[in-house]
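The following report describes a protein–DNA model, taking the annotated segments, the DNA surfaces, the chain–chain contact and the helix packing in turn.

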Number of protein chains: 2
Amino acid sequence: MTDAKPMRADARRNYERLLTEARRAFAERGVDASLEDVARSAGVGIGTLYRHFPTREDLVETLLRERFDTQAEKARELLLAEDPLKALYAWLVGFGETSAVYRGLTEMLADAFDDPESRLHASCAAMRDAASQLVDRAQAAGVFRTDVTVQELLLLLHGASWAGSHLPGEGGTERLMALVFTGLQTSEQRGQRAVSAPR
Amino acid sequence: MTDAKPMRADARRNYERLLTEARRAFAERGVDASLEDVARSAGVGIGTLYRHFPTREDLVETLLRERFDTQAEKARELLLAEDPLKALYAWLVGFGETSAVYRGLTEMLADAFDDPESRLHASCAAMRDAASQLVDRAQAAGVFRTDVTVQELLLLLHGASWAGSHLPGEGGTERLMALVFTGLQTSEQRGQRAVSAPR
DNA sequence: TTACTATACGGAGGAAGCCTCCGATTTGTC
DNA sequence: GACAAATCGGAGGCTTCCTCCGTATAGTAA
């Protein structure tokens, strides 16, 4: 919890530059972008990059941290929303967007889920825990299939988000996520389209 | 269509060895496995590998070709089955298995779908065409959502297959695929579980 | 068998990326 | 202004990618 000592001025400056360039590189090239390239663009030696971010995942995690925290916060808020089904879906949409920011991220996150050593693992677990209460509530309300675990749900929508990003044109992700989500509602609910109808 | 000249004996031998080792390497390490390593294991120079398979996709495509053909054939057979819904699902299960043989293949296939230049593109297109009639039939029978395109369906189940492979334990893929598929049936059909009930 | 040529082999080599290590530099402080 | 701790940066060892071309070999015809 303690943030240790404050960074030296040059360290802080380089840290920021690296994050900026990494964000750009990952957006353009996906999470497999060259780290040497990131360091170069940031006008910094490769050694400096590795000191600040010992692994690629450290870098990714730092970039996503804010989004992850936002998602966790959002889950807490949505727990107070009146419609459990809409609440869950609203949260999942945000989740899907986060999981699709960088090409290749989906795979990386899924791997992190299984690997407790991964720097991303804690964030993923936090995400799952944040979601679980929303899922529980929807299931308790009888509007969502009860034979689906949180992990399955997240992985599945993650997959739908990934699939959507490979569809030509815009809105593929939202569409496929809605399709899957609708299919996971209990039968009685389906006709009532709690989710904005796809297409 | 013509197979050109027969290969020279040594060429044929190396070709086979390369395929064998590639199959093993891709199974162990995923489609990103080192090609140098494949050549080494096959007891062949790296130049030989590249002559037979100019790109990684050429190699993957050759390995999958048989499965793809099998799937296309299966589609033709299933067109004669009496239950359109079960037929479609049966086909998709096979499709899911194929899309999950090697780690990382899902991404590669999805990219190939968008890229007409890719060696895998033709195979993917053939797959889609093979599936389309099965989908049409199920939709015409009123048991499957009509607002879903073949491409969306394939990509989505591809994603479900991918998601399932990241689930701990066995049977994740079948389970998630069944979950998605069930959700895409028309409401009337859902209660009747045309698909073996997940879990 | 021998000789010849189209075919195929194989690895050197340049480019790039990964990551580590440690001498050189800079910052903050007294 | 001087000193120690913190930080920098890139050389270097390793791996992989892919190309190019001199060398080796299979198949064939005499």
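Predicted model: local features only at pLDDT ≥ 70, side-chain atom pairs only at ≥ 80, totals over all residues.

**Chain A as a whole**

The secondary structure of chain A amounts to 10 helices and 0 strands, so that its pattern, read along the sequence, is α-α-α-α-α-α-α-α-α-α. The C-alpha trace of chain A spans about 60 × 40 × 25 Å along its principal axes.

**The surfaces near the DNA strands**

Around DNA strand D there are 22 residues, of which A:Asn14, A:Gly45, A:Gly47, B:Ala9 and B:Gly47 come nearest. Around DNA strand C there are also 22 residues, and here the nearest are A:Ala9, A:Gly47, B:Asn14, B:Gly45 and B:Gly47.

For DNA strand D, at least two residues each are supplied by helix H1 (9-29) and helix H3 (46-52) of chain A, and by helix H1 (9-29), helix H2 (35-41) and helix H3 (46-52) of chain B. H3(A) gives the most to this surface, with 4 residues. For DNA strand C, the elements that each supply at least two residues are H1, helix H2 (35-41) and H3 of chain A, together with H1 and H3 of chain B; the largest share, 4 residues, comes from H3(B).

By class, the surface near DNA strand D has 8 nonpolar, 6 polar and 8 charged residues, and the surface near DNA strand C has 8 nonpolar, 6 polar and 8 charged residues.

**The contact between chains A and B**

Between the two protein chains, 26 residues of chain A are in contact with 26 residues of chain B. On the side of chain A that touches chain B, the elements giving two or more residues are helix H6 (105-114), helix H8 (150-165), helix H9 (172-184) and helix H10 (187-190) of chain A. H8(A) provides the largest share of that side, 8 residues, and the residues of the side divide by class into 13 nonpolar, 7 polar and 6 charged.

How do H8(A) and helix H8 (residues 150-165) of chain B pack, in angle and in distance between their axes? The two helices pack at an angle of about 140°, with their axes 8 Å apart. Because angles over 145 degrees are needed for roughly antiparallel packing, this value makes H8(A) oblique to H8(B). The crossing of H8(A) and H8(B) is right-handed.

In this contact, A:Leu155, A:Leu156, A:His158, A:Gly159, A:Ala160, A:Trp162 and A:Ala163 of H8(A) meet B:Leu155, B:Leu156, B:His158, B:Gly159, B:Ala160, B:Trp162 and B:Ala163 of H8(B). The residues of the contact of H8(A) with H8(B) divide into 10 nonpolar, 4 polar and no charged.

In chain B, helix H4 (residues 56-78) and helix H5 (residues 84-99) pack at an angle of about 175°, with their axes 10 Å apart, which makes H4(B) roughly antiparallel to H5(B). Among the residues of this contact are B:Leu64 and B:Arg67 of H4(B) and B:Trp91 and B:Phe95 of H5(B).

| Contact | Residues by class |
|---|---|
| H8(A) with H8(B) | 10 nonpolar, 4 polar, no charged residues |
| H4(A) with H5(A) | 7 nonpolar, 3 polar, 2 charged residues |
| H4(B) with H5(B) | 7 nonpolar, 3 polar, 2 charged residues |

Notes. Residues numbered from 1 in each chain as written. Chains lettered and ligands numbered in written order. Near = placed C-beta within 6 Å. Nonpolar A, V, L, I, M, F, W, Y, C, P; charged D, E, K, R; others polar. Contact = placed C-beta atoms within 7 Å. Axes fitted to C-alpha atoms, helices over the stretch in contact; angles between N-to-C directions. Parallel < 35°, antiparallel > 145°, perpendicular 65-115°, else oblique. Left-handed = near helix turned anticlockwise from the far one by under 90°.
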